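Dear colleague,

Please find the structure below, followed by my notes on one residue and on one pair of chains.

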There are 6 protein chains.
Amino acid sequence: MQHAIEKAEVLIEALPYIRKFAGSTVVVKYGGSAMIDEHMKESVIQDIVLMKRIGFNPVVVHGGGNAISDQLKKVGKESKFISGLRITDQETAQIAEMVLSGSIGKALVQALQNHGIQAVSINGKDGDTLVSRKKLSSGIDLGFVGEVVKVNTELLTSLMQHDFVPVVAPVGTDAQGNTYNINADYAASAIAGALKAQKLVFLTDVEGILMDKDNPDSIIRRLSVTQAENFISDGTIAGGMIPKAKCCMDGINQGVESVHILDGRLPHSLLLEIFTNDGCGTMMTR
Amino acid sequence: MQHAIEKAEVLIEALPYIRKFAGSTVVVKYGGSAMIDEHMKESVIQDIVLMKRIGFNPVVVHGGGNAISDQLKKVGKESKFISGLRITDQETAQIAEMVLSGSIGKALVQALQNHGIQAVSINGKDGDTLVSRKKLSSGIDLGFVGEVVKVNTELLTSLMQHDFVPVVAPVGTDAQGNTYNINADYAASAIAGALKAQKLVFLTDVEGILMDKDNPDSIIRRLSVTQAENFISDGTIAGGMIPKAKCCMDGINQGVESVHILDGRLPHSLLLEIFTNDGCGTMMTR
Amino acid sequence: MQHAIEKAEVLIEALPYIRKFAGSTVVVKYGGSAMIDEHMKESVIQDIVLMKRIGFNPVVVHGGGNAISDQLKKVGKESKFISGLRITDQETAQIAEMVLSGSIGKALVQALQNHGIQAVSINGKDGDTLVSRKKLSSGIDLGFVGEVVKVNTELLTSLMQHDFVPVVAPVGTDAQGNTYNINADYAASAIAGALKAQKLVFLTDVEGILMDKDNPDSIIRRLSVTQAENFISDGTIAGGMIPKAKCCMDGINQGVESVHILDGRLPHSLLLEIFTNDGCGTMMTR
Amino acid sequence: MQHAIEKAEVLIEALPYIRKFAGSTVVVKYGGSAMIDEHMKESVIQDIVLMKRIGFNPVVVHGGGNAISDQLKKVGKESKFISGLRITDQETAQIAEMVLSGSIGKALVQALQNHGIQAVSINGKDGDTLVSRKKLSSGIDLGFVGEVVKVNTELLTSLMQHDFVPVVAPVGTDAQGNTYNINADYAASAIAGALKAQKLVFLTDVEGILMDKDNPDSIIRRLSVTQAENFISDGTIAGGMIPKAKCCMDGINQGVESVHILDGRLPHSLLLEIFTNDGCGTMMTR
Amino acid sequence: MQHAIEKAEVLIEALPYIRKFAGSTVVVKYGGSAMIDEHMKESVIQDIVLMKRIGFNPVVVHGGGNAISDQLKKVGKESKFISGLRITDQETAQIAEMVLSGSIGKALVQALQNHGIQAVSINGKDGDTLVSRKKLSSGIDLGFVGEVVKVNTELLTSLMQHDFVPVVAPVGTDAQGNTYNINADYAASAIAGALKAQKLVFLTDVEGILMDKDNPDSIIRRLSVTQAENFISDGTIAGGMIPKAKCCMDGINQGVESVHILDGRLPHSLLLEIFTNDGCGTMMTR
Amino acid sequence: MQHAIEKAEVLIEALPYIRKFAGSTVVVKYGGSAMIDEHMKESVIQDIVLMKRIGFNPVVVHGGGNAISDQLKKVGKESKFISGLRITDQETAQIAEMVLSGSIGKALVQALQNHGIQAVSINGKDGDTLVSRKKLSSGIDLGFVGEVVKVNTELLTSLMQHDFVPVVAPVGTDAQGNTYNINADYAASAIAGALKAQKLVFLTDVEGILMDKDNPDSIIRRLSVTQAENFISDGTIAGGMIPKAKCCMDGINQGVESVHILDGRLPHSLLLEIFTNDGCGTMMTR
């Protein structure tokens with residue numbers, strides 16, 4: 001009886017969120033540990049399946065985990081570095097495209113479809129989805145590393161409209177037919193912005209944005225873009241927390257309603273963040 | 001952390017049901033203690049509001065509680081009985097209609113609307129919804145007590161289509177313009193059948209159908225119509241449990257997918273029955 | 001032959017009006033003698049049925065005739081007066097609501113449905129149709145007498161869209177859940193204005209607005225709001241004619257195209273007013 | 001007052017018919033005296049305009065009156081006869097086509113449009129509406145006189161759908177490109193049948209079908225196809241009344257609901273037939 | 001093999017135009033030699049049929065060729081002239097209307113329908129398509145010669161929407177019911193403008209607009225309105241070329257995208273102009 | 001002038017086919033020489049682009065050319081053979097999938113998009129398009145070589161509906177999550193059958209089905225399934241021509257209207273086959 005009442009309370013807590021976000025587009029950047037550990041992988045897939053089942057429109061943007069390095073090793077390709085930055089030559093870019101689009105994406109599609117959800121794996125070339133250009137980083141030519149110039153959303157919205165979950169590999173192209181590798185966080189951010197997504201979720205290997213990176217209890221639950229700017233200015237957010245904060249700010253600035261940094265190592269963190277009052281991780285809003 | 005995992009489990013348990021029953025029509029017979037106790041009243045109203053919010057189509061069929069007797073007393077009307085059965089003369093039928101349609105139904109509408117859900121109270125005359133005739137009970141003329149001959153669903157479906165929750169008082173009419181009082185359980189059953197409702201729920205003052213009426217632990221969680229027939233034949237279901245079982249069988253036979261007998265004295269029993277694996281009360285299916 | 005030609009002339013006179021008003025919303029305030037005399041009652045019901053049959057959208061707003069007083073008497077309720085004005089305490093308001101919504105409205109629904117037209121009786125609480133507040137009259141607190149603050153038209157238009165004739169009892173509510181009795185003339189005027197009705201018709205016990213209240217031939221056939229104001233200023237419209245004129249002006253000011261005061265004691269006055277060049281009664285336009 | 005009541009009675013008599021026939025297709029064969037006398041012409045045009053205004057779909061099939069003979073005379077064309085039957089050679093057929101389609105039809109269009117109704121004059125070649133073949137009459141070759149083999153209704157229904165009144169000249173064609181004159185009565189009958197018209201009306205120079213052709217009072221108001229067959233068999237319908245009866249039977253047999261023979265010399269006979277209980281003329285039904 | 005490659009090249013040249021103009025409205029003014037020579041007639045009809053088949057919406061506006069003069073001769077009607085201009089009296093206007101609408105238009109309909117395309121012949125009175133007025137030419141009263149005041153496009157667009165090719169005789173009317181003959185070039189121009197046609201094509205007896213009227217090689221392939229104005233000013237376009245140029249300018253000024261002057265004596269000139277890069281004749285654009 | 005007439009003739013020949021096949025689904029199996037020679041590649045891409053531009057729905061199913069072997073060589077993978085048949089172990093299947101889906105398909109997408117047509121490259125796992133199982137060939141286990149069990153067409157039709165050209169790599173999966181390589185000819189045939197395609201076109205390295213494989217002039221232009229069966233029985237179709245004939249028969253038996261074997265080495269053979277009377281290559285129909 002006591003158990004029943006507790007159940008009823010969780011449901012009463014969750015139901016308004018289910019209603020509130022019905023039909024929402026949620027872009028999930030999937031990478032890090034949650035992509036390697038088989039148990040966590042299944043937990044993430046389950047959460048995405050449930051989100052789809054109750055009426056959300058999830059879009060998955062994935063990284064490559066260790067698979068790209070493995071394949072480079074197999075073909076005896078050595079990585080070159082300039083000033084400590086890895087250089088992506090044309091062959092590397094092609095191998096990365098093959099691994100991301102021809103292997104990892106297809107495996108995610110299979111995992112989702114095993115739970116009865118239809119999915120389609122594309123990369124940024126399909127439907128000219130990620131129009132890109134060479135990225136310049138402090139004047140160093142990193143080779144075929146690109147940044148997103150424009151997102152054509154027709155293909156993504158068509159797939160969602162027909163109930164397919166899009167699974168996107170962060171590979172782009174330009175009018176000259178070059179193939180570019182793109183940072184998956186930035187690709188997710190650009191896609192979420194172009195889709196005017198309600199939520200953009202980064203599954204990471206940290207608890208969220210921490211005021212003290214060594215103390216998980218120092219997590220910031222909610223903050224605005226302005227607060228984030230101030231925290232960076234005054235040093236509250238520092239070191240490795242800065243790029244994470246910037247990624248969120250980038251998403252908000254591109255029109256996403258809320259951006260979340262979740263701990264991909266916590267089971268069902270996606271579900272808890274969306275359907276409970278407390279949530280987990282950090283949420284940034286305008 | 002442990003708490004978070006338990007929450008996630010309740011959600012994972014509930015989500016498939018939310019999906020499964022989205023758009024379902026659920027007819028709730030509301031009466032008994034749940035109609036008298038202010039606290040329980042609010043719990044039932046909350047459950048109906050949540051059901052509507054997440055995409056169900058609830059229809060409420062209500063009884064009159066003590067209000068009809070109170071009003072009869074006020075106008076100095078005495079009840080007559082034949083062989084222990086109460087006789088409903090024309091004046092009594094008219095007073096019952098006034099109380100049900102002009103007072104109780106309107107109060108339910110107000111309670112639902114206080115939670116932001118639109119509702120409309122009708123009786124069986126509106127839109128000729130409950131076409132009725134005089135009910136004969138073992139040859140005794142009970143006066144203006146009727147049974148449903150046909151349910152015209154146009155008004156109910158129009159209201160639901162425009163997002164109004166219908167609140168129905170069990171009063172019917174015939175072609176001669178007579179006014180009949182109808183038993184609310186049977187009215188709910190007829191309405192659920194005509195609407196091809198997914199669920200018909202009776203909020204009662206018992207835990208469910210019990211094999212031993214004095215032992216709540218003897219509750220039957222699920223049973224089919226055939227099983228119910230056998231249980232009645234062999235005396236497992238006996239005494240006051242028989243009419244409850246028959247009411248369920250009646251609903252199933254009219255085309256409802258599942259009929260539930262819930263304990264209206266348990267807070268949020270409606271919610272628990274629909275969104276948890278265990279449910280509460282008794283569920284009958286074909 | 002002569003008779004045929006006369007018939008043809010009546011038809012040629014009527015046909016353009018039928019065309020002109022097809023699809024029009026006509027709010028009919030039904031009360032007074034036309035509500036008491038059985039013969040007149042049938043004549044009014046016939047006219048409403050015909051209006052509906054040829055493609056108009058009638059909405060009926062009804063008063064309570066003598067039935068409220070009768071019921072008050074039955075329960076031994078005495079009316080209180082302050083400065084000659086009747087005070088409506090909570091119990092009186094509840095009895096009035098029961099009689100209007102649970103008895104008179106339902107009887108009108110039955111009468112219309114006997115002619116094959118579907119109807120639905122609601123009061124201002126259903127669908128939050130008549131949002132009201134306490135009315136103050138020259139500083140005297142009349143109790144639960146209300147005035148309309150806002151008309152939510154969703155329920156009315158949904159019913160009309162599905163070919164149900166709405167029958168409205170002038171009872172309203174506020175956010176605190178109070179029940180208010182509302183003057184039926186003003187309720188009709190507010191509803192007609194909110195629906196942007198083409199016509200608002202008051203069935204009264206006078207021939208129309210008379211320049212000399214004792215001379216039916218002094219009837220004003222057509223007048224504008226400005227003319228009415230002038231007639232009141234210069235005393236042409238005087239005494240009991242003033243509130244009737246004000247009711248019309250009120251309707252026009254709320255956006256109704258034309259407001260009619262008809263003699264409910266003349267058979268088929270509704271029909272004649274709408275379908276003949278001469279009309280009967282008084283018509284006010286902007 | 002008495003006058004008002006009479007008006008109300010005519011209206012109450014007419015309204016059900018207006019409702020009953022709303023959206024009906026009514027094919028009017030227009031010819032004879034009603035086509036020559038200017039006053040009657042205007043009366044017919046008025047009736048068609050009113051029918052259209054209140055929601056009927058009239059289709060006019062017209063003859064040529066005296067205009068074809070006049071034009072033949074102008075070009076000095078003499079008519080040939082075999083066994084008393086007029087022979088239509090190719091030149092005569094072409095002149096008839098020009099007069100019907102290029103002059104009379106266009107004048108009717110103008111007359112209707114003067115009353116604010118849009119109309120379009122076509123002949124049976126347009127949209128391949130009247131697929132025809134040479135008519136053989138008792139083995140005599142009458143030249144280019146045709147009978148209707150098939151009616152393609154696409155053009156007629158398209159015009160009606162866009163609120164144009166079709167005005168049809170009874171000229172047909174075959175696959176070899178021949179031009180045929182067709183009897184307007186039979187063309188109207190074929191068109192009404194193909195359109196599954198509710199009514200087919202012949203405006204003639206008689207009161208209707210008479211039992212005694214010299215006594216207008218012997219008019220048959222209503223009869224069935226079977227009755228007509230019997231009346232012809234037993235000689236009740238005789239002489240010039242036979243072809244009129246056969247024309248009606250033909251229409252009914254092709255699927256028209258009722259066929260009417262009216263006196264085109266009586267003002268507004270169309271209107272009276274359709275909107276009054278007594279009607280005028282003869283009506284045949286299945 | 002060589003032949004196959006040449007075929008492929010023609011197709012590759014044509015396909016983009018087919019795509020580009022799919023769904024376009026093309027108004028074809030049909031007159032001159034192409035209307036008299038049987039072989040050319042068939043070539044024009046074929047081109048219109050093919051245009052319709054691949055998804056264009058052709059509208060044909062035709063002149064009367066020699067047929068009007070022939071008919072006038074038959075009825076012994078002599079033409080009158082003032083200052084060398086032909087006077088159109090009422091009888092002449094009526095005969096022209098009969099010939100254009102009752103004979104030539106119907107023959108074109110038959111020719112198109114022989115190729116399986118549905119067509120409908122109308123004149124400017126039908127659907128009040130060509131609202132006209134008397135044309136004054138340098139102060140001389142030419143009788144019933146009209147100019148277009150307004151084009152009502154409802155009938156034309158309805159016919160096209162239902163896949164009928166409209167064939168229009170240049171006859172107009174005014175509110176007084178007068179019948180006017182209208183110059184077919186100007187009627188075509190007004191219709192094309194009102195329909196916002198993509199193309200207006202004049203089939204003429206010249207190669208196009210020539211800089212030297214005696215040298216076909218001096219043809220101007222493309223020019224803008226401004227260039228045409230300049231060419232007229234500086235005398236490059238002179239003599240009989242001026243009215244042709246003005247007709248084109250008129251079309252462009254009324255909103256047509258491009259106007260073409262083609263040589264109706266060249267087989268399939270319509271097809272070549274539309275589907276090849278070189279085209280034939282002269283094209284004017286804004 | 002002569003040139004113009006010849007152009008007109010090619011157009012008149014082509015136009016009916018354009019009309020006839022508008023909206024048709026055409027599955028093109030792209031492989032062989034046409035995939036290796038850069039010039040031919042461009043010719044095929046141009047033909048597909050033009051087909052799409054004029055309203056066809058092309059679907060491309062591609063093989064892997066030499067790229068799979070090249071990649072196997074790079075990772076030092078040796079092929080094993082049993083009884084002369086190549087064995088596809090799991091690693092080989094994965095590499096083939098990566099090359100087909102992650103490299104060749106994406107390059108085709110880019111080539112099509114360079115001409116302004118949107119395309120999307122998928123493999124049989126996406127949207128569970130190619131449900132497969134292990135193929136057994138005369139009892140020899142070839143490893144991860146599959147055959148199509150079922151084609152789910154939802155993804156393909158969704159893409160086409162939104163104007164994306166689907167580019168399909170012949171890789172399939174089963175419920176156990178195995179990855180199978182599928183023969184591209186059979187994949188194309190299964191897809192065309194499931195889509196009820198109007199046409200299935202194989203771009204091959206032969207002229208068509210030859211009666212004498214050494215004599216291109218012995219090509220069979222058209223044949224039915226029955227004729228093909230007879231030709232195989234009587235030895236007219238022999239040797240390497242048999243599998244090609246069987247592939248066509250297979251397509252027809254799965255519901256495709258016509259199957260074409262074209263010479264991919266002939267420029268624009270696709271275009272000529274579809275838009276000229278003679279066509280090129282062999283066409284099989286039921």
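Is F:Gly32 buried, partly exposed or exposed? F:Gly32 is partly exposed, because its relative accessible area is 38% (buried means under 20%, exposed over 50% and partly exposed in between, with a 1.4 Å probe and protein chains only).

This is a predicted model, in which local features need pLDDT of at least 70 and side-chain atom pairs count only at pLDDT 80 or more, while totals for chains, interfaces and linings use all residues. Residues are numbered from 1 along each chain as its sequence is written, chains are lettered from A and ligands numbered from 1 in the order in which they are written, and side-chain values use heavy atoms, leaving out hydrogens and water.

Turning to the pair of chains, a rotation of 180 degrees with 0.0 Å of shift along its axis superposes chain F on chain A with an RMSD of 0.1 Å (least squares on the C-alpha atoms of residues with pLDDT of at least 70 in both). That is the relation of a two-fold axis.

The contact (heavy atoms within 4.5 Å) takes 36 residues from chain F and 36 residues from chain A. Since 100% of the interface residues of chain F are also interface residues in chain A, the copies meet through the same surface.

Between chain F and chain A there are two salt bridges (a side-chain nitrogen of Lys or Arg within 4 Å of a carboxyl oxygen of Asp or Glu). F:Lys106 forms a salt bridge with A:Asp126, where the closest N and O atoms are 2.6 Å apart.

Best regards
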